[in-house]
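Subject: Structure handover

Hello,

Here is the structure I said I would pass on. My notes on what turned up in it follow below.

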Amino acid sequence: MQNNLIIKTEKLTKRFPMGKSEFTALKDIDLELITGEFSGLIGPSGSGKTTLLNIIGSLDSPTEGQAIVMDQSVGQLSAKEAARLRKQSLGFIFQTYNLLQVHTVFENVELPLLLLKYSSSERKKMVYDALDWVGLTDKIKQKPPQLSGGECQRVAIARAMVKKPSLVLADEPTANLDAANSHNILQTMEKLNEELKTTFLFATHDEKVIAYLKRKIYLRDGMIDKIETAKNDK
Amino acid sequence: MKLAIKLAFKNLIGAGLRTWLNVIVLSFSFVIIIAVKGILVGWDRQAKNDMTEWEIGGGQYWHEDYDPYDAFTLEESHAPVPGEFTPEIEQGDMVPVLMTRGTIYPQGRMQSILIKGIDPEQTLLKLPTNKLDTAVAAIPAVIGSNMAKTKKLEIGDYITMRWRDANGTFDAADIFITGIFTTNVPTVDVSQVWIPLDSLQSMLLMPGEATTLTFRNREKARQDTGEWKLMTFDELVSDIEEMIKTKSVGQSIFYIILLILALLAIFDTQVLSIFRRQKEIGTYIALGYTRRGVVGLFTVEGAMHAILAALVGAVYGIPFLIWFANKGISLGVSSADYGFAMAETMYPAYSLGLIAGTTILVLVATTIVSYWPSRKIAKMNPTEALRGKLQ
């Protein structure tokens, strides 16, 4: 990766059709993120943070400009290449956890490794390690409906981290959690960022999350309003 | 594929009651298709077996003018048995039968019959012709139970029988019923009287002649000979095969309706799944699945209903089918009502081909109805799917 750049966007614009007209969700976004950052896209609802996160996560493509993630231009990737990028290098954490309800904690965390075709013994070790990071080794046989919201989000973090991706994209990860659980999972992610040098990019408007971010990218009406490199003020 | 199967199995089991309802309905289809088809296979097997044993052996030669559906051809359809068949006849591997029209007068009623002459010592056919080898004042005769019932005849009865000889002259004599046999083959029973071949040949003034020649060895290469037309085993059973084929179509409608009901339930489940599980679909894509992969996963999930149904069907179906094969099914009709070989109790027969064929049919049908709604996933926007937004 050039100069340790993990994400680079150039004049990134995203427009959605709205009836006969178009809605511009992102406009001329120029952004660079370096490996190991713990940053966030901050802004109110409709500011374009989730859209930007989705494009960086190769779940969507830009209308104009480009998003280069780990030296790959997302807009030019085929569906198969985009899937490979997500499978090998990206981890996702969602507001609503998005765990598979009929699978156990172990199986949920194991899923990305199955896609990467790790052996059974490797998978077992890696899943235990990931659950150890989030402190859930005692819940491996439980299913999501048996867990609290905080525990579910920790499982989601373990699932995102288990393959040790280069980049984790977290969309409003604390929106459904109380303050104690929010701090708990943010501390977990911060620890993983420090220990594994994984890059974290959040989309949030939660003050608790913002307090942990080392770089804050403020979005307003689809454009970058300001970028702050803040000292940790949690 | 292995991953898709693993995930699909987990998802199916996790879906609980809904899965089991679909699986049970589909398993009914499995068991009923096999049971119904088993009856037809059993019928086919039993009919061919009975016909082989009672009437056609391994095949027949017919006199070229003989038409079993036209009794008037009998006057002309006879000829001396060719000498080339003598060794086979002497070894008991070929049985000549001479036929003519006649009339009997049981209790003073006039009844048209078919008189058939056969060697009393033959063992090729199951007919109890040994009972013709009896010295009595009249001509010894054996008849089938249907003939006995409809003509109100019993063993030991004397009846007057009339016929026309080769010159067209009417003649008459008494016959004596020495045996009554029970068979599922109406074409050797209904309105027929079996008497010794020698007697009939001398009655008709046709020494050494026959109408049909039934042989034992089906495998031996044969061809038409002079006035004699070869009728292979397959040609002789073609009527019953046609009939069973017709029956098969009728019964297929029954199980196709059941199968459609089961497939509709699976289709409905698949459609609902795709709406209800959008977030899950989005998650799979976010984790690195391609959309095609997710379509495959959902298709495997649907198709797996058929595999589970086969297993569930096996649990209760195997004991049921074994019991059914032993007990059989009574159709409540006599073979004479149908006019061809049919046992009153039908015993189903299940072949490996039948079971494999049914499994493949249900599996393919289930896969198609599972794939159909799953194609919608390929058009899904993953970012909206992740939010669980209906598309």
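B:Met94 has B:Phe215, in strand 10 of chain B, as its bridge partner. Please keep in mind throughout that this is a predicted model.

The pair belongs to an antiparallel arrangement in which strand 3 (residues 94-104) of chain B and strand 10 (residues 212-215) of chain B are joined over 4 bridges. Strand 3 of chain B also pairs with strand 4 (residues 111-118) of chain B, again antiparallel, through 8 bridges. The hairpin formed by strand 3 and strand 4 of chain B has 6 residues between the strands, and B:Gln107 adopts a positive phi near 45 degrees in it.

A further antiparallel pairing, with 3 bridges, links strand 3 of chain B to strand 6 (residues 158-164) of chain B. B:Thr103 sits opposite B:Arg162 of strand 6. As for burial, 9 of the 11 residues of strand 3 of chain B are buried, leaving the strand mostly covered.

**Chain A**

Chain A has an open sheet of 4 strands, ordered 2-1-4-5, with antiparallel pairing. Strand 2 (21-34) and strand 5 (72-73) are at the edges with a single partner strand each, so one side of each has no neighbour in the sheet. Strand 5 of chain A pairs with strand 4 (residues 64-69) of chain A over 2 bridges, in the antiparallel sense. In this part of chain A, A:Ile68 is opposite A:Ser73 of strand 5.

Helix 1 (residues 49-56) of chain A has 8 of its 8 residues buried, so the helix is largely enclosed by the rest of the structure. The buried residues include A:Lys49 as well as A:Leu52, A:Leu53, A:Ile55 and A:Ile56. Just after helix 1, A:Ser58 has a positive phi of about 60 degrees.

**Where the chains meet**

How many residues of chain A are in contact with chain B? The count is 19 residues of chain A, in contact with 18 residues of chain B. On the chain A side, helix 2 (79-89) and helix 3 (105-115) each contribute at least two residues. By class, that side has 11 nonpolar, 3 polar and 5 charged residues.

Regards

Notes. Residues numbered from 1 in each chain as written. Chains lettered and ligands numbered in written order. Predicted model: local features only at pLDDT ≥ 70, side-chain atom pairs only at ≥ 80, totals over all residues. Contact = placed C-beta atoms within 7 Å. Nonpolar A, V, L, I, M, F, W, Y, C, P; charged D, E, K, R; others polar. Pairing = 2+ DSSP bridges. Buried ≥ 20, exposed ≤ 12 C-beta atoms within 10 Å, placed from the backbone.
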